[in-house]
Amino acid sequence: MAGSQWELPPELCCRPMAFVALTGLDVVYNAVHRAIWDAFCANRRADRVPISFKVLPGDHEYPKCRTKRTSYEWYIPKGILKTGWMNKHLNLVPALVVLFYELDWDDPQWKEKQSECATKVEIVRTSLQGRNTKVAVVLIQKKTPLPPGEDLVASERAAALCNACDLSGKSLFVLPHTDHLVGYIIRLENAFYEHAQTYYYTEIRRVKSHKEFLNKTTHQLLFVRHQFKIAFFSELKQDTQNALKYYRTAYSLVHELRAHETNMLEIKTMAGFINYKICRLCFQHNTPLDAIAQFRKHIDLCKKKIGSAELAFEHAAWMSKQFQSFGELFDEAIKLGLTAIQTQNPGFYYQQAACYSQDRKQQAQQLCQGGASHPSTEPLDTQSGGLDFYGQRPWRQGHQSIDPPDAEKEKTGILALQIKERDVPHSELIIALLSNAVAQFKKYKCPRMKSHLMVQMGEEYYHAKDYTKALKLLDYVMCDYRTERWWGLLTAILTTALRCAYLMASVKDYIIYCMELLGRASTLKEEQKSRIEKNLIRVLMNEVPDAEPECDSSSISTARSLWSDRMSLAGSKELTIEVQDYIPFIQCKAKFQSPSFHVDQPIQLQVYLRADCPHPVSFNKLAVSLSNQEYNQWCVLESSDHRNMSLLPGKTKLYNFSFVAKTEDVGKKIEMTGVELMLGSEGRCVFVSWRGAGGDAASAHEALQAGRSSRQWGRCMEARQEPDWDSLSMQHSTMIISRVPKISVQLGHQPPALNNEMYCINLTIQSQEQGIATDVKLTAGLKPGQDANLSQTTHVTLDGSKVCDDAAPALLTDVPLGDLKPGEKLEKCVFVKCVSNGPRVFLFHVAYSIDTTVEGRQIVCKCHKFEPLDRLVVDIPFLLMTDILSSSPWPLLLDSSSLQLLAMTSNTPQRQSQLQEVVLQTGECASECFCLRCPPQTNSNSTVATGQYLISWRSADSPLIQTTVTLPHVILESIPLYIHAELPSFGRVRESLSVRYHIENRTALVQEVEMAVEPSDAFMFSGLKQVRLRILPGSEQQMLYNYYPLMAGYQTLPQLNISLPRCPNTNTHTLRRFLPQRIFVKVTKSWKCVLTTELAVTGI
């Protein structure tokens, strides 16, 4: 049989349509004929009648009609259905032959052309001799005909032409070639369709007439054949209801045939054909349940009809094709509007088709792996190149007896089929079916079915030795099985993936799968884990691992060669493996000992490690990465530390790290960004990396289960020798908070205060620090955030000798108080004058600085930040920073330094050099800062020279040397506006912060300014969010905003966007550069002491 014997013939799968042959058209050289043909076949809409047209020459030879049988008394049928019968009636034998002839009613050569037309009709009839095919004539005319009855000449000549051609009046048509050609063609089609209907009706009656000559003893095959033909003709006639009825009858009759090994394949083949037709028509009639019921019935009747045991793989192939065909029908019906559900969709049928293909593969491996060579004579070849009847064997066509006619030829034929089966790409067939099933289950949201089938696809790719695709699929589904904790399934998938990684010598994949198969999620036995661990150690030592069990023996030698090449390659042999999404054999959990640390406390960090492998494992480095990389150096453990770097199976080991936070990190979070463990050293280094504070794909669920268990049973952690691993929590971040102030602030006063009285509040500050508190500052006065009128009627001063006037502020900020020695007490009196009645809340805030040492390291605070400028703005101060780096091997003494400016001026009075008497050692650097300004008369938008920098220096016992450094040229630009902000040096969480913006117009024109404040997550604010104002030339406008900080630390201020409609080319980035971007916000209890008191003011 042909190699594609299991594929359904295309003539069975297509929609049967009436076949009409068109003759007399020259579609190549005649433009009119070409237009007529295009109107018939181009752009056919669904509402046009179902007809299949074909242009044939006038003398075309149609298939000869066999002599009609008058009796079936001695006739023994050789098969059920001939292989060419359906194609013959679809494409070879027309229901109607239409002769096109160019002839007008008033043609001067009417007689001659009438005779010529009759001759052509006779030629067509001769070629159709013995068939019931109808013949029609279409006259192509240039003029539009008159209505019937009005043109007497046309009527007479039409009658004469019908007589000459032996045609009925219904078989003669006129086709005017006008602008309305398509409309005439559609009317012609409808007439052709009626003729075709008549033909197929006649054929059905002819087939039915044979029934009276048949008997059920010798003509069982003919009963099936005739019912199938009647059903097929009904389909051609578009009578699908009757077609379905006759197909059902044919299906019942085919299963009544006596089945034996010689005709089993033919019976199953015809049963499959008829079942396909029944299911297709049921879907077409929108009765899908009937189609499903018919298919189930079909499978139940045929699944045990295996036939020859030596060809059992053929039955599996046939069953697979049945499910695949039904799945395709189901899918096609869904595309046409049928609704499917999760539990009943085409995916199940594709899946079952794949299962039978897998059975076929297994049976072929058992039955077709003999060493026999191909027979000398080819039993699968036929004289005609194909079979006469569907489902028969090539070496005994037409034979219907129970026993084969030639036992030796039968044996040779079976052997030839077995040998041919060896060349079938089974894995490709299985993968294609599984891929279709996966697409359907994905469409109908069946994730577990999709994952299950993807595993099977991966295994088939493995058997097909396409290891790259196998790994890709298996790796994709492993995530789902890890999440759902299917450990047995995950282990099986990992085992297959490990074989793939070994056979393709993928070092990284091999290490990953080894690490996971050694982990706690693996269900392998201890001896299997031991073997895998030894192989992993071999790879880490840059040696070739042993082959995995159950690998294809023919591929092992190739794999060893690949591994040898990999191990001998020069270059970097470091690998980084992120195991957060896996379940490795080493578990890691890290945590800060506290959610927050004071800046004067060492930050304690703990890393817990646990090994789940059968044997101890050593590592060479442990490192923790933090969000501030400056601390990473304190969180590294290396083998050079001579500490225990080995993990015992099932034991938890703790490693401690500590470091001191920097003062600029106060109010900030420090987070762990990763933990890294290095395995291997000399041969190959593998860095096992965890994101954050560790954990893996199973840690979250295990921690949840441990929490429930501990609450339920009240497990006692103190009684354990080591901490319960599942109960260990991870703390990936900590907050750096200010040092607790050691200073006391006391207030004393005698309320109530009288209106306009200089009311005294006594303030006593005493230091309890061990060292000197420097830079003590006092903030005292009306607490912000109260009624705005109170700030206008309350005045605060430290001078009680005179009554303060209305210019005195409501809040004194950052009043310097000097230094405080340990135990020293300082007293101050704050005078308050209230000019209106009512209660008031006053704020007293003391801030100071102190040097402290933590673990032998002194905390140093940095208080400035500069941003480099690429261009300068005219008449705007800027800072010039100079850095002097000593490359001398001997110390150098800097005597003095100065600037010689050209186009610039100093913005501060001349002062002594900042570098005077500074000694620089080798590699040390000294910096000096100058505040400069470009005068307004300087030409803008140009490059100007800055000047020179003069340095006087000397080495030991040498005279002074002066070095001149030419400063770089700078680019100047002018701006229409200058804007700067007036705000405190710091803010406090949840305390009002006043910011005043000064906007100065530096042009000779009135400037329109549009201002908008963008919201910020770190601040609430009050003030005009969006405003448009005008500023006169040379004048200044002020905008006041009250910001309310919500978070501590360095916070980005709400951004002020400014646009100038009259100066659209102005760079808004330059304007924004003048404004502060960030401010440090302190927490309420950090490095300060705050007291508030409520005072009631009473009138006299």
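Student: How far apart do the C-alpha centres of domain 1 and domain 6 lie?
Tutor: Those two centres are 89 Å apart. This is a predicted model, in which local features need pLDDT of at least 70, side-chain atom pairs count only at pLDDT 80 or more, and totals for chains, interfaces and linings use all residues. Residues are numbered from 1 along each chain as its sequence is written, and side-chain values use heavy atoms, with hydrogens and water left out.

Student: Which residues make up domain 1 and domain 6?
Tutor: Domain 1 covers 1-214 and domain 6 covers 977-1082; such bounds come from an automatic or database domain assignment.

Student: Now His89: is it buried or exposed?
Tutor: His89 is buried, at a relative accessible area of 3%. Buried means under 20% relative accessible area, exposed over 50%, and partly exposed in between, with a 1.4 Å probe and protein chains only.

Student: Where does His89 lie, and what does it touch?
Tutor: His89 belongs to helix α3, residues 85-92 (helices are DSSP runs of H or I, at least four residues, and strands runs of E, at least two, numbered from the N terminus). Leaving aside residues up to four places away in sequence, His89 touches Phe19, Tyr199, Tyr200, Phe233 and Leu236, where contact means heavy atoms within 4.5 Å.

Student: Changing topic, which strands does β40 join?
Tutor: Strand β40 (residues 993-1001) runs antiparallel to β38 (residues 977-982), with 6 bridges. Likewise, 8 bridges link β40 to antiparallel β44 (residues 1036-1045). Strands pair if DSSP finds at least two bridges between them.

Student: What are the partners of Ile999?
Tutor: Ile979 stands opposite Ile999, and in β44 the bridge partner of Ile999 is Gln1037.
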